[in-house]
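Work through the exercises below with the sequence and the structure in view. Try each task before reading its solution.

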Amino acid sequence: MIDSHCHLDHEPLISDLTNVIKRSKDVGIEKLLTISTSFESFSRVKEIVNKDDMIYGTIGIHPHEADKNEISSKFIVDNLKENRKIIGIGETGLDFFYDNCDRKKQLDSFRIHIEASLETKVPLIIHSRDAEDETFKILDEYKDNNLKILMHCFTGSKEFSKKLLLLNSYFSASGIITFKNSLDLQDTFKSLPLEKVLIETDSPFLAPVPNRGKKNEPSFIDFTAQKLADIKNITKSEIINLTTSNFNKLFFN
């Protein structure tokens, strides 16, 4: 299995990293992708990726941090060249959930990350909440540039997913698909092609059932894999093989 999105630089994971890694390996995880959300976060990610061969990282600014962390495309590109274990750009994107968010800075930051992705051919890890139309509008501008797109913790509508498939996007399922009230999301993942789905924890957030309410960690991805297998009506071993293959195709081809 591969946890395509976790935040190992967050507590309580970073303080217990040795045990978190061990428990990950115990359930069969072979790679962890730990995600940058700010400059401070990225400084920690650069150290964490050297803790174990299984850990890889990304460089990027979360939309909630865009007003305080003005990144440049050059900074992203230079850091990607310097560290072979930084394999993704993000998480970036748009989040208009809060009324007081600075939409212009989010949009500007998103475009900077996209430009870096185009230059380096490195996949974009995209966060989109309450911004489906705006997210697609920007990505569609680059439809002829073969962007590598991973929609992280996808919770969007089926209509949104259909449009994103036209851009050759991948979709990562989080523990949210195990929640009782996520029937629409489960239906969306049922409709997605098997060759376009990945799994993630987004730990320490969004622990799946039966651990909902606890601090999440990568080893809990086992429950998300089982639920996605149930949704797709295949075995857990098949979903593990498929999502692992999809991750490696996106990030290492």
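The exercises concern a predicted model and go from the whole chain to single residues.

**Exercise 1. The whole protein**

Task: State how many helices and strands the protein has, and decide how its radius of gyration compares with the globule rule.

Solution. 
- Step 1: Counting the elements gives nine helices and eight strands.
- Step 2: The C-alpha trace spans about 40 × 40 × 35 Å along its principal axes.
- Step 3: Of the 253 residues, 57% count as buried.
- Step 4: Take the contacts between residues at least 6 apart in sequence; 73% of these join residues at least 24 apart.

**Exercise 2. Surface and charge**

Task: Find what share of the accessible surface belongs to carbon and sulfur atoms, and how far apart the centres of the positive and negative side chains lie.

Solution. 
- Step 1: The accessible surface comes to about 11,400 Å², and carbon and sulfur atoms hold 47% of it.
- Step 2: There are 34 positive and 39 negative side chains.
- Step 3: The centres of these two sets are 3 Å apart.

**Exercise 3. Strand pairing**

Task: Work out which strands pair with β4, and in which sense.

Solution. 
- Step 1: β4 covers residues 86–95, and ten of its ten residues are buried.
- Step 2: One partner is β3 (residues 55–59), which pairs with β4 in the parallel sense over three bridges. Here Gly57 has Ile86 of β4 as its bridge partner.
- Step 3: Another partner is β5 (residues 124–129), parallel to β4 over five bridges. Ile89 stands opposite Leu124 in β5, and Asp95 has Arg129 as its bridge partner.
- Step 4: In β5, five of the six residues are buried, so this strand is largely enclosed by the rest of the structure.
- Step 5: For another parallel pair, look at β1 and β2 (residues 31–34), joined over three bridges. Ile2 stands opposite Lys31 in β2. Strand β1 (residues 2–6) has five of its five residues buried, so the rest of the structure largely encloses it.

**Exercise 4. The surroundings of Ser38**

Task: Decide whether Ser38 is buried or exposed, and list its contacts beyond four places in sequence.

Solution. 
- Step 1: Ser38 is in the loop between β2 and α2 (39–48).
- Step 2: Buried means under 20% relative accessible area. Ser38 has 10% relative accessibility, so it counts as buried.
- Step 3: Apart from neighbours within four places in sequence, Ser38 is in contact with Gly60, Ile61, Glu65 and Asn69.
- Step 4: Ile71 is 33 residues from Ser38 in sequence, with a C-alpha to C-alpha distance of 9.1 Å.

**Exercise 5. Backbone details**

Task: Locate the cis peptide bond at Pro12 and the one at Glu91, then examine phi at Asp130 and Asn233.

Solution. 
- Step 1: Glu11 and Pro12 are joined by a cis bond with omega about 5°; Pro12 is in the loop between β1 and α1 (17–26).
- Step 2: Gly90 and Glu91 are joined by a cis bond with omega about 15°, and Glu91 belongs to strand β4.
- Step 3: Asp130, in the loop between β5 and α5 (132–140), has a positive phi near 55°. Its relative accessibility is 51%, so Asp130 counts as exposed.
- Step 4: Asn233 has a positive phi of about 60° and sits in the loop between α8 (221–232) and α9 (236–252). At 70% relative accessibility, Asn233 counts as exposed.

Terms used: Residues are numbered from 1 along each chain as its sequence is written. This is a predicted model: local features need pLDDT of at least 70, side-chain atom pairs count only at pLDDT 80 or more; totals for chains, interfaces and linings use all residues. Side-chain values use heavy atoms; hydrogens and water are left out. Helices (H or I, at least four residues) and strands (E, at least two) are DSSP runs, numbered from the N terminus. The radius of gyration is taken over C-alpha atoms; the globule rule is 2.2 Å times the number of residues to the power 0.38. Buried means under 20% relative accessible area, exposed over 50%, partly exposed in between (1.4 Å probe, protein chains only). Contact means heavy atoms within 4.5 Å. Accessible areas come from the Shrake-Rupley method with a 1.4 Å probe; for residues, only the protein chains shown count as cover. Lys and Arg count as positive and Asp and Glu as negative; His and the chain ends are not counted. The place of a charge is taken as NZ of Lys, CZ of Arg, CG of Asp or CD of Glu. Two strands pair if DSSP finds at least two bridges between them.
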